[in-house]
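Reader: I'd like to learn how to read a model like this one, feature by feature. Could you walk me through it?

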Amino acid sequence: MNIIFIGAGNVAWHLASLFSNSKTEDLQITHIWSRNKENAELLKNKLNNNDLKIHSSITQLDFSKTDADLAILAIADGAFESILSKLILPKNCILAHTSGSQPMEILKLANQNFIKNIGVFYPLQTFSKAKEVDFNDIPFCIESNEKEIEEKLTNLAKQFSQKVFQVSSKDRSILHVAAVFACNFSNYLWTISEQILKEKNLPFDMLKPLLGETLKKALEINPSNAQTGPAIRNDEKVITKHLEMIKEMNLDDNFGQIYKLMTESIQKK
Ligand SMILES: NC(=O)c1ccc[n+]([C@@H]2O[C@H](COP(=O)([O-])OP(=O)(O)OC[C@H]3O[C@@H](n4cnc5c(N)ncnc54)[C@H](OP(=O)(O)O)[C@@H]3O)[C@@H](O)[C@H]2O)c1
């Protein structure tokens, strides 16, 4: 199967490596299109594939003369419309995106609105180039407008993961909102902790056993059964003191607001 990657960010980085290391099927990455040529070069080097062609200009999105079977669109969600309106693929090529929030139908903007084969290949995980991931355990959310394409994308995902599901655009967007709270926002709260400790010259390492146990407990007994702390205990004296301490620190003004909002939300339960 010949594959084109549109985008050379975190997701493309991991999926392209995964595909090119496939042991069960011959998956050839033939082209990478990236707005930033250097990022495409970095990915090409990672894949160690000299035959791979790099396109980086907005005028180089016409792949109609290639023999691509699959194009993976892994770009920032805000860039979908502008890139899709210029993307041209061979007639039978499948176009699949990797986004949690974009509807599948948006892909119909490709091939000047004449694309036939569209789908979604969404890995529900957090990806950063600097961190390896084990795909075996990653849920893949698959969707397509054609049964045959859904099967192809499902079989592709099943080569790498034991958790492959058919998920509609609507359900995927709900999973995505939940994932933003579970991953992006929790990570930001840890970043606030990191900044508070840095401000007072204390090591973030001291919190690592707590982070580990919090996650372990939430997975074992469910987060709603695992809440502890001053908010759930209605410990108003501690809460007031914490708010004063945060105010005195030379940090983002929003941190106090976030503390207050989270406390109120926990107390409403
Ligand atoms: N990272 C995750 O954890 C994760 C997980 C699952 C799904 N996803 C989804 O996968 C997709 C890609 O995410 P990512 O994390 O790989 O993003 P990323 O690391 O930020 O990379 C985004 C890619 O989009 C390109 N891009 C950004 N703005 C553009 C524009 N205006 N025109 C053309 N190209 C543009 C970037 O090009 P430059 O290199 O030039 O900046 C880069 O190649 C998104 O739909 C995202 O929702 C992400």
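Reader: By class, how many nonpolar, polar and charged residues does the shell around the ligand have?

Author: Classes first: Ala, Val, Leu, Ile, Met, Phe, Trp, Tyr, Cys and Pro count as nonpolar, Asp, Glu, Lys and Arg as charged, and the others, Gly among them, as polar. Here the shell has ten nonpolar, ten polar and two charged residues. Of the 22 residues around the ligand, G9, R35, N36, A79 and S99 come nearest.

Reader: What should I know about the model and its numbering before going on?

Author: It's a predicted model, where local features need pLDDT of at least 70 and side-chain atom pairs count only at pLDDT 80 or more, while totals for chains, interfaces and linings use all residues. Residues are numbered from 1 along each chain as its sequence is written.

Reader: How many helices and strands does the protein chain have?

Author: Both kinds of element are DSSP runs, numbered from the N terminus: helices are H or I with at least four residues, strands are E with at least two. The protein chain comes to eight helices and eight strands. Its C-alpha atoms fill a box of roughly 70 × 35 × 35 Å along the principal axes.

Reader: Which helix gives the most to the shell around the ligand?

Author: That's α1, residues 10-20, with three residues.

Reader: Now burial. What percentage of the protein chain's residues is buried?

Author: The idea is to count neighbours: a residue is buried if 20 or more other C-beta atoms lie within 10 Å of its own, exposed if 12 or fewer, and partly exposed in between, with C-beta atoms placed from the backbone. By that count, 25% of the 269 residues in the protein chain are buried.

Reader: Which residues touch the most other members of the largest nonpolar core?

Author: In soluble globular proteins, nonpolar side chains tend to be buried together. A nonpolar core is a set of buried Ala, Val, Leu, Ile, Met, Phe, Trp, Tyr and Cys residues joined through C-beta atoms within 7 Å. The largest one here has 47 residues, and F5, I6, A71, I72 and L95 touch the most other members. Helix α1 turns up again, giving the largest share of this core, six residues.

Reader: What is L95 in contact with, leaving aside neighbours within four places in sequence?

Author: Contact means that the C-beta atoms of two residues, placed from the backbone, lie within 7 Å. For L95, the partners are A71, L73, L89, L107, A110, I115, N117 and I118. Across the protein chain, taking contacts between residues at least 6 apart in sequence, 60% join residues at least 24 apart.

Reader: How do I read a helix such as α5, and where is its kink centred?

Author: Start with length: the expected span is 1.5 Å times one less than the number of residues. Helix α5 (residues 169-199) has 31 residues and reaches 43 Å from first C-alpha to last, close to the expected 45 Å. Then look at the bend at a residue, the angle between axes fitted to the seven residues ending there and the seven starting there. In α5 there's a kink of about 35°, centred on V180. After α5 comes N201, with a positive phi near 55°.

Reader: Is α7 largely in the open or buried, and why?

Author: In the open, because the number of buried residues among its 13 is zero. Helix α7 reaches 19 Å, close to the 18 Å expected.

Notes
Near = placed C-beta within 6 Å.
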